[in-house]
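Let's take a friendly walk through this structure, looking at where charged side chains pair up. Have the sequence and the 3D view ready as you read.

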Amino acid sequence: MAEGQSHLSIQMSDSNTNGTPSRKQSSADLAGRGGSILTFHNISYHVKMKTGFLCYQKTVFKHLFRACLCLTNFSPSLLDILAARKDPHGLSGDILINGAPQPANFKCTSGYVVQDDVVTGTLTVRENLKFSAALRLPKSVKEHEKNERVNQIIKELGLSKVADSKVGTQFTRGVSGGERKRTSIGMELIIDPDILFLDEPTTGLDASTANAVLLMAKQGKTIIFSIHQPRYSIFRLFDNLTLLAAGRVLYHGPTRHAMEYFQSIGYECEPYNNPADFFLDVINGDSTAVAMSKTNETGTGMKHRTVAKYFNSAYYQETKAVLESISLGNKKKTKAVFQQITYANSFLHQLKWVSKRTFKNLVGNPQASIAQLCVTAFLGLVIGAIFFGLKEDSTGLQNRVGAMFFLTTNQCFSSISAIELFVVEKKIFIHEYISGYYRISAYFISKLMADLIPMRTIPSITFSCIIYFMLGKYAFFTMFFTLMMVSYTATSMALAIAAGESTDAVANLLMTITFVFMTIFSGLLVNLRSILPWLAWLKYFSIPRYGMTALQINELTGLNFCSSTNNTNLISNNNYPQISQLWCSGEEYLKNQGIDANSWGLWQNHLALVCMTIIFLTIAYLKLHFMKKFS
């Protein structure tokens with residue numbers, strides 16, 4: 001929560017006979033209600049911030065929330081802290097569930113609906129709910145029971161008419177915003193959580209839909225959510241209200257008594273004004289509410305005065321008394337367990353369902369894969385036409401080397417598209433991982449299979465087939481395997497660079513620059529034996545070099561460029577600087593390039609590519625593993 005930001009948070013629970021909660025609330029009263037009781041004690045949260053430039057930087061601590069005592073079947077807008085989804089290193093104080101410390105798997109057993117819906121748009125409403133049920137409900141729950149649970153949620157949330165409609169993406173039309181929001185809520189209700197957190201649940205919805213979403217949430221559970229400037233029809237649903245300003249509590253108590261309380265400290269709401277707007281005016285200190293109050297204070301001074309008034313009020317004293325009546329014997333620091341994740345299913349079960357969704361996502365959004373295949377086929381035809389009819393003379397040697405250079409370079413640059421593999425779904429991955437859907441390894445392997453098979457292997461086969469039949473001479477399997485390994489290695493490097501990033505702009509730039517330098521050391525633009533020793537080691541990091549070397553050994557070994565018909569031309573030809581000398585065989589040319597034409601000289605390049613692929617994939621996995629997943 002940023003400084004100066006104000007939120008309202010509510011509890012949706014049972015009311016008394018007249019429709020609002022009574023002012024007096026004991027722990028016994030609260031315990032009798034549905035859902036769990038969440039309490040937090042002396043909570044304070046700060047973050048490290050660096051100021052200055054480079055070596056003059058200083059580390060300062062910024063307090064986002066300061067000591068507050070509150071009892072809640074509701075929540076302030078410290079939603080992430082209460083839901084154990086905030087980095088715990090800046091947290092002090094205690095958060096209890098029914099008087100006991102939060103369990104280690106609290107994130108996995110509670111529901112959390114983020115403000116920006118994180119549902120897979122290429123799947124239907126039912127498929128999204130089934131995905132949640134398959135991974136968050138234990139295997140002891142039978143398949144038909146999971147399906148019944150999904151159908152029940154669909155019926156309860158009023159999604160029956162759109163159950164088999166795709167949610168929709170930025171490219172394809174789907175369900176409405178309200179139906180999308182209800183789908184997000186449904187994915188959390190699948191596990192029937194005792195506590196459900198909702199972050200700005202009405203954002204992006206029209207007034208009628210927002211009202212329906214909140215009415216739908218009243219299911220006898222503890223509902224904790226933040227909301228900003230709600231309309232009156234929504235505001236009147238609140239049972240308890242907490243107002244925050246600059247991280248401090250201005251009011252906490254029954255919604256019914258909020259107007260009375262602020263009137264008692266000098267603030268009056270104009271007739272026909274929305275109470276929510278009035279409270280925000282008080283918090284911001286820039287409205288008629290302040291003018292009508294009998295004080296000349298504004299801004300920070302007014303906020304401090306309002307905070308002090310609340311801590312001296314009867315509402316604070318009542319809250320404090322109820323807190324003290326709750327047993328704190330089991331109270332302990334909860335930092336250690338905040339980042340523990342537990343899973344309801346095995347690795348193989350997770351891999352199966354995540355892979356299933358990934359391939360469905362690929363089929364439901366085929367533009368990228370089809371475009372990749374079409375571009376590959378087109379380039380193959382163009383290259384085949386340009387280099388068609390290779391001869392065994394000086395021009396044939398140059399054309400062969402040029403063709404092989406383009407083949408490897410094209411495989412590298414076409415792999416840049418893999419940058420988006422983890423970037424596009426970063427928000428979905430973080431939310432689902434923290435919620436205990438799957439392990440990082442299951443997600444990582446499923447994404448690799450979905451990218452390497454359709455986006456790298458199939459285009460490599462297509463490319464190799466076209467080149468083989470138009471240029472000939474190549475040993476097909478060796479050429480295909482080489483191009484595939486170049487593509488795999490380049491893709492792995494793209495993943496290693498982009499994993500954990502929020503945008504692909506910087507990763508795209510780094511990939512392009514890296515491939516340009518790798519191209520210089522590929523063996524065509526400069527003779528690698530002529531490079532200065534202190535720079536020569538860079539050739540070992542060039543992916544195109546390994547691919548081009550393997551292709552040259554595969555293609556040039558056994559060719560003779562000094563037949564009786566072209567020998568004179570080859571000796572006297574000075575148009576091609578690299579091949580102006582007399583190289584009567586492919587072996588002689590390879591020797592001049594410093595390439596061993598034996599069997600080991602060929603396969604050591606593939607071994608190097610395999611090793612680089614493993615290293616890059618390991619880096620990508622570690623970046624995902626250690627990526628900051630808590631806000």
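Is arginine 126 buried, exposed or partly exposed? With a relative accessible area of 24%, arginine 126 is partly exposed. Keep in mind that you are looking at a predicted model.

Now find the partner of this residue. Arginine 126 and aspartate 164 meet through their side chains in a salt bridge, with 3.0 Å from N to O. Arginine 126 belongs to helix α4 (residues 125-136), while aspartate 164 sits in the loop between α5 (143-156) and α6 (177-189), so this pair ties together parts that are 38 residues apart in sequence. Aspartate 164 itself is exposed, at a relative accessible area of 59%.

Stay with helix α4 for the next stop. Arginine 136 makes a salt bridge with glutamate 188, and their closest N and O atoms are 2.9 Å apart. Because arginine 136 lies in helix α4 and glutamate 188 in helix α6, the pair ties together parts that are 52 residues apart in sequence. Arginine 136 counts as buried at 8% relative accessibility, and glutamate 188 is buried too, with a relative accessible area of 2%.

Further along the chain, look for glutamate 432 and arginine 357. These two form a salt bridge whose closest N and O atoms are 2.8 Å apart. Glutamate 432 is in helix α19 (residues 426-434) and arginine 357 in helix α15 (residues 347-364), so parts that are 75 residues apart in sequence are tied together by this pair. Both glutamate 432 and arginine 357 are buried.

The count for the model comes to six salt bridges, among them the pairs of arginine 126 with aspartate 164 and arginine 136 with glutamate 188.

Conventions: Residues are numbered from 1 along each chain as its sequence is written. This is a predicted model: local features need pLDDT of at least 70, side-chain atom pairs count only at pLDDT 80 or more; totals for chains, interfaces and linings use all residues. Side-chain values use heavy atoms; hydrogens and water are left out. A salt bridge is a side-chain nitrogen of Lys or Arg within 4 Å of a carboxyl oxygen of Asp or Glu. Helices (H or I, at least four residues) and strands (E, at least two) are DSSP runs, numbered from the N terminus. Buried means under 20% relative accessible area, exposed over 50%, partly exposed in between (1.4 Å probe, protein chains only).
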